[in-house]
Amino acid sequence: MKNKKEYSVSTQKILAAIKIIPSGKVDTYGNVADRAGLRNGARLVVRVLHTLSESEKLPWYRIVNKQGKISLEGEGAILQRNLLEIEGVIVNDDKIDLEKYGLK
DNA sequence: GCCATGGCTAGTA
DNA sequence: GCCATGGCTAGTA
């Protein structure tokens, strides 16, 4: 039984773009997509996070929307905020200062 | 093949 | 609207 799951080039690039985000920093969906070479692939990033976060051990919680806000709701949002705070990221009302913690 | 998905977002009214 | 993938269907052989 082999599990040689192959990802498409786009998916691989997105995975790489996500893994680049260092601890204590955050990035936006759109930015990740751009780094992966996908101009309008924000939603694709969302999809990748959804399907591969666990298997690829992705730092999913380091990704927020363009306004620097946590896009999840309920439990997920709480978990994300906690994980970020553990890394030293300050979160106010589910909002993060992208100028300070965002990737350039 | 077609179509829904998913935590979005640039750009118009 | 944009994007790629997974799941499901219709339509041939």
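Asp 27 forms a salt bridge with Arg 35, with 2.7 Å between the closest N and O atoms. The model is predicted. Asp 27 is buried at 1% relative accessibility, while Arg 35 is partly exposed at 35%.

**Salt bridges**

- The count of salt bridges comes to 4.
- Glu 56 and Lys 19 meet through their side chains in a salt bridge of 3.3 Å, N to O. This pair links distant parts of the chain, with Glu 56 in the loop between H3 and S2 and Lys 19 in helix H1, 37 residues apart. Lys 19 is partly exposed, its relative accessible area being 44%.
- Glu 87 forms a salt bridge with Arg 62, and their closest N and O atoms are 2.7 Å apart. This pair also links distant parts of the chain: Glu 87 lies in the loop between H4 and H5 and Arg 62 in the loop between H3 and S2, 25 residues apart.
- Arg 62 has a relative accessible area of 10% and is buried, whereas Glu 87, at 21%, is partly exposed.
- Side chains of opposite charge can pair when their charged atoms come close.

**Nonpolar cores**

- The largest nonpolar core has 16 residues, and Ile 18 and Val 32 have the most contacts inside it. Helix H1 (9–19), helix H2 (29–35) and helix H3 (42–52) are the elements that give two or more residues to this core.
- Beyond its neighbours within four places in sequence, Val 32 is in contact with Ile 14, Ala 17, Ile 18, Ile 21, Asp 27, Val 45 and Ile 63.
- Another core, of 10 residues, lies apart from the largest one; among its members are Val 26, Ile 70, Ala 77 and Tyr 101.
- In soluble globular proteins, nonpolar side chains tend to be buried together.

**Helix H4**

- H4 (residues 75–86) has 12 residues and reaches 17 Å from its first C-alpha to its last, close to the 16 Å expected at 1.5 Å a residue.
- Ala 77, Gln 80 and Leu 84 are buried in H4. They cover an arc of only 65° around the axis, so they are on the same side of the helix.
- These buried residues pack against strand S2 (63–64), while the face turned away from the buried side carries the exposed residues Glu 75 and Ile 86.
- Gln 80 has a relative accessibility of 2% and therefore counts as buried, the cut-off being under 20%. Leaving aside its neighbours within four places in sequence, Gln 80 is in contact with Trp 60, Tyr 61, Ile 63, Val 64, Ile 70 and Leu 72.

**Aromatic pair**

- The structure holds 1 aromatic pair. Trp 60 and Tyr 61 form this pair, which is edge-to-face, at 5.7 Å centre to centre and 90° between the planes.
- Tyr 61 is buried at 13% relative accessible area, but Trp 60 is partly exposed at 23%.

**Positive phi**

- Most residues other than glycine have a negative phi.
- Lys 57 has a positive phi near 50°. Lys 57 lies in the loop between H3 and S2 and is exposed, with a relative accessible area of 70%.
- Asp 94 has a positive phi near 60°. Asp 94 is in the loop between H4 and helix H5 (98–101) and is partly exposed, at 25% relative accessible area.
- Gly 88, which follows H4, has a positive phi near 95°.

Methods
Residues numbered from 1 in each chain as written. Chains lettered and ligands numbered in written order. Predicted model: local features only at pLDDT ≥ 70, side-chain atom pairs only at ≥ 80, totals over all residues. Heavy atoms only, no water. Helix = DSSP H or I, 4+ residues; strand = E, 2+ residues; numbered from the N terminus. Expected span 1.5 Å × (residues − 1). Buried < 20%, exposed > 50% of the residue type's maximum accessible area, 1.4 Å probe, protein only. Arc of directions from axis to C-beta. Contact = heavy atoms within 4.5 Å. Phe/Tyr/Trp six-rings, centres within 6.5 Å; stacked < 30°, edge-to-face > 60°. Core = buried A, V, L, I, M, F, W, Y, C linked by side-chain atoms within 4.5 Å.
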